[in-house]
Amino acid sequence: MATEDNTVEPETMENGQLGKTVHVKEHYKTWFLDYASYVILERAVPDINDGLKPVQRRILHSMKRMDDGRFNKVANIIGHTMQFHPHGDAAIGEAIVNLGQKDLLIETQGNWGDMRTGDRSAAPRYIEARLSKFALEVAFNPQTTEWQLSYDGRKNEPVHLPMKFPLLLAQGAEGIAVGLATKIMPHNFNELIDASIEILKGNEVEIFPDFPHGGLADFSNYNQGMRGGKIRLRANIEMVDKKTLAIRSVPYGTTTSNLMDSIVKANDNGKIKIKRVTDNTAKDVEILIDLPAGVSPDVTMDALYAFTDCELSISPNCCVIVNEKPRFLPVNEVLKISTFRTKDLLEWELNIKKDELSEKYFFSSLEKIFIENRIYHDIEESESWEEVLETIDKGLEPYKKQLLREVTEEDIIKLTEIKIKRISKYNSFKADELMRNLQDEIKQVEHDLAHLTDFTIAYFEHLRQKYGKGKDRKTEIRSFDTIQVAQVAVANRKLYVNRKEGFVGYGLKKDELIGECSDMDDVIVFLKEGKFKVIRVSDKTYVGKDILYAAVWKKGDERMVYNLVYYDAKSGKSFAKRFNVTSIIRDKFYDVTRGGKGSKILYFTANPNSESEIVTVLLSPSSRARKKVFEFNFGELAIKGRGAQGNTLTRYAVRKISQKESGASTLGGMDIWFDETVGRLNRDGRGQLLGSFDNGDLIMAVYKDGVVDFTDYDLTNHYDIGRLLHIEKFNPETVISAVHYDGSAKNFYVKRFKVENAAKGRSYSFISEHKGSSLLAVSTAPEPVIELEYLKGRQKEKITEQVALNDIVTVKGIKARGNRLSSYRVVYADILKSEPASATGAAGNKDSDEKKKDAPKPDTGKEQLKLF
């Protein structure tokens, strides 16, 4: 019984002695440590030796004991596993379903649920399972398994399974223990095997996860699965048309239901604008999003990544049990340990096999000596068992030096157990053949042991060949660009200003409307007294009286230039300046004048593309200036920072300033690059330079399905790099040359055309809409050259020649089919950049032959050409 000072009163035991007094707080220390160790070692964290948690190991062990090649009810498997696992049936059932959904160790039958949709499996009594052939080959071998007693001491169970495969990395693992957690990502089956082979060859490897959900992933911060790393996952989103988006995959860690809920929530919160979202998921994931009129699909796509579960981040944390202690290891190190453990297990199995073969050879030799030398006749006169054994041993004495090892009493007993029928039918020739085969097998095993690394590599190659079909990478590795949330947020608010009272916000609905904004925008406000401030948009914010200008402000926008004339009270002069505001501290006032009391802004304009302007300045009639009206060109001023003083406009009092003429951009065109790794435009110099763009310029994109698309140079535009064939700045005079296969005519054609009436958002198809039609090559070079290979005559002589397209086809309309490429059977065609050379035979150009050899060839239904 415990007392007030947390001690246990002594009690009388059965033998009459008193028990020891123990402080309860001492129990707390050991109890918590015992509990934490149990959860870490026995429940949450997988062991590096076989990649399994205890419950998974016991499930597989139970299924192996039950295995007869047929399916077993999961309920039966659960009951059998409870002989080894001291926990409830629900935990075991959940672990079985988890293993079954990974489709590696367990073959399933029935409704096992769907990880993509979040649908649960049917009850255990309705679903069945059995071990896969892969599991039977790599996970079990009683001779190389260390055994221990089960929790109740009634049965034996494996300490670890002899796993000859990096299962931990193939399946992944997740668990929360006491004081630590583990989160190991699944990896691709074939890539793990290839990496293991490279490790055995002594090469360094780098592996990245592959998720069963598919989708896109950015592993630039993966950090080999260690703490501090991060994986960015995205769903595959396709543009069906201008009003419909289709989601083709869901990120790992979420489901279609959760994804749809996040989309609806973002729409309700005004982050995105959609009309309808529909889940058509069946065999493949398909979530259709219908957009309202006037909503950009490109911006919506970015907004889905920014505000919904279409993009998720996962923080890996590779923690495993090594020598009964938790350790944090990089996945490359885990793979190395697993690979060399596989090598050690194979060596162990080879040594066991060698011993077994040697034992067979030894007894075959012993049996041959015993029968051929008729030693069994010598025991006829023996009167006791001991005398029989002694007689046989004496008869074997002359031959013992020929044997692999010493003869034991057990060996002699085995000889006495040979039946007379077998002795009478003993075939010496067959015995010799058997012994030769055993010798060959022993030599092969010894060779494998001497070349263990090569043997292990061959083992992994065997696994890949036998089980690697259909296990291609599902997750596409990409480099994601950073989406600026404020740029893609839907303008769901209307921004108002009360200039006189000095208020700005979306709640001032009775005041002046100045534009639309989103909840994440910033607003820049200029006051007549020459100060400005940037604030976060809100319902109603007081900035200061006499507001001159208010608008949404974009951070880092160097194209937005403010033209300003202000009066400086200290000097009495008026100054003109041009400046931009690219970075500020929010809610802080900045002065664009020299700061004197009484200074004020006389003229102000905001120019989104750094436009210059010419203004007319009217001086006060009472001023002494000879010329009281003059013009001033802002284009003559350099664009400087907000704190610059500016140039002196006049030292006389100004009556009025008005705009006379608006000029062009003084910064010139905007250089735009296309980053082919992410399919996005940028101004940071990444990828291919498309050119300098100004107002009204367009980008032309040609796709593999024979569609030419026109867009503006907005940085939020998306280009499908899987379909994109060619992209450049559009020039109305550009002639497009294309080689295509016409499915209806079943022949190859070449055409040249210009695109008329090009405009933002327009798309044109320039090949036949027949199902078998395909675009094979395209060029916008002024004098394109095609390398053509065809079969001529009855002998089917292969001819290669280079032809200038300008000589065989003229510029026609976009809908024209064009001219037939050749009257002979075409086997290869490609548009070159060089001038045409003289025609050569098939072996005339080595580089061309290598190019044709390596070129992918799409199935057109007839001949096959290079997809350029």
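These legends describe close-up views of a predicted model.

**View 1. The largest nonpolar core, around Phe134.** The largest nonpolar core holds 66 residues, and Phe134, Phe165 and Leu463 have the most contacts inside it. Helix α7 (residues 189-200) contributes the most to this core, with 7 residues. A second, separate core has 24 residues, including Ile263, Ala266, Ile274 and Cys310. Phe134 is buried, at a relative accessible area of 4%. Leaving aside residues up to four places away in sequence, Phe134 touches Leu104, Leu105, Phe165, Phe189, Leu463 and Tyr467.

**View 2. The ring pair of Phe134 and Phe189.** The model has 30 aromatic pairs. In one of them, the ring centres of Phe134 and Phe189 are 5.5 Å apart and the planes meet at 65°, so the pair is edge-to-face. Phe134 belongs to helix α5 (residues 133-138) and Phe189 to helix α7, so the pair ties together parts that are 55 residues apart in sequence. Phe189 is buried, with 6% relative accessibility.

**View 3. The stacked pair of Phe532 and Tyr590.** The rings of Phe532 and Tyr590 are stacked, at 5.4 Å centre to centre and 20° between the planes. Phe532 is in strand β22 (residues 531-536) and Tyr590 in strand β27 (residues 590-591), so that the pair links distant parts of the chain, 58 residues apart. Both residues of the pair, Phe532 and Tyr590, are buried.

**View 4. Arginine side chains over aromatic rings.** Arg234 has its charged end over the ring of Tyr305, 4.5 Å from the ring centre. The charged end of Arg405 sits over the ring of Phe362, 3.9 Å from the centre of that ring.

**View 5. Helix α15 and its buried side.** Helix α15 (residues 452-467) has 16 residues and reaches 22 Å from its first C-alpha to its last, close to the 22 Å expected at 1.5 Å a residue. Its buried residues include Leu452, Thr456, Ile457, Tyr459, Phe460, Leu463 and Tyr467. These cover an arc of only 155° around the axis, which puts them on the same side of α15. The buried residues of α15 pack against α5, α7, α10 (331-372) and α14 (428-450).

View 6. The 13 residues of helix α8 (residues 256-268) should span 18 Å at 1.5 Å a residue, and the end C-alpha atoms are 18 Å apart, which agrees. Thr256, Leu259, Met260, Ser262, Ile263 and Ala266 are the buried residues of α8. Seen down the axis, they fall within an arc of 160°, so they line one face of the helix. Asp261, Lys265 and Asp268, on the other side of α8, are exposed. The buried residues of α8 pack against β11 (244-247), β12 (276-279), β13 (287-290) and α9 (297-307).

**View 7. The surroundings of Ile672.** Ile672 is found in strand β34 (residues 670-675) and is buried, with a relative accessible area of 0%. Not counting residues up to four places away in sequence, Ile672 touches Leu681, Asn682, Arg683, Gln688, Leu689, Leu690, Gly691, Phe693, Tyr713 and Leu715. Ile672 and Gly685 are 13 residues apart in sequence and 7.8 Å apart in space, C-alpha to C-alpha.

Technical notes: Residues numbered from 1 in each chain as written. Predicted model: local features only at pLDDT ≥ 70, side-chain atom pairs only at ≥ 80, totals over all residues. Heavy atoms only, no water. Core = buried A, V, L, I, M, F, W, Y, C linked by side-chain atoms within 4.5 Å. Buried < 20%, exposed > 50% of the residue type's maximum accessible area, 1.4 Å probe, protein only. Helix = DSSP H or I, 4+ residues; strand = E, 2+ residues; numbered from the N terminus. Contact = heavy atoms within 4.5 Å. Phe/Tyr/Trp six-rings, centres within 6.5 Å; stacked < 30°, edge-to-face > 60°. Lys NZ or Arg CZ within 6 Å of the ring centre and 35° of its normal. Expected span 1.5 Å × (residues − 1). Arc of directions from axis to C-beta.
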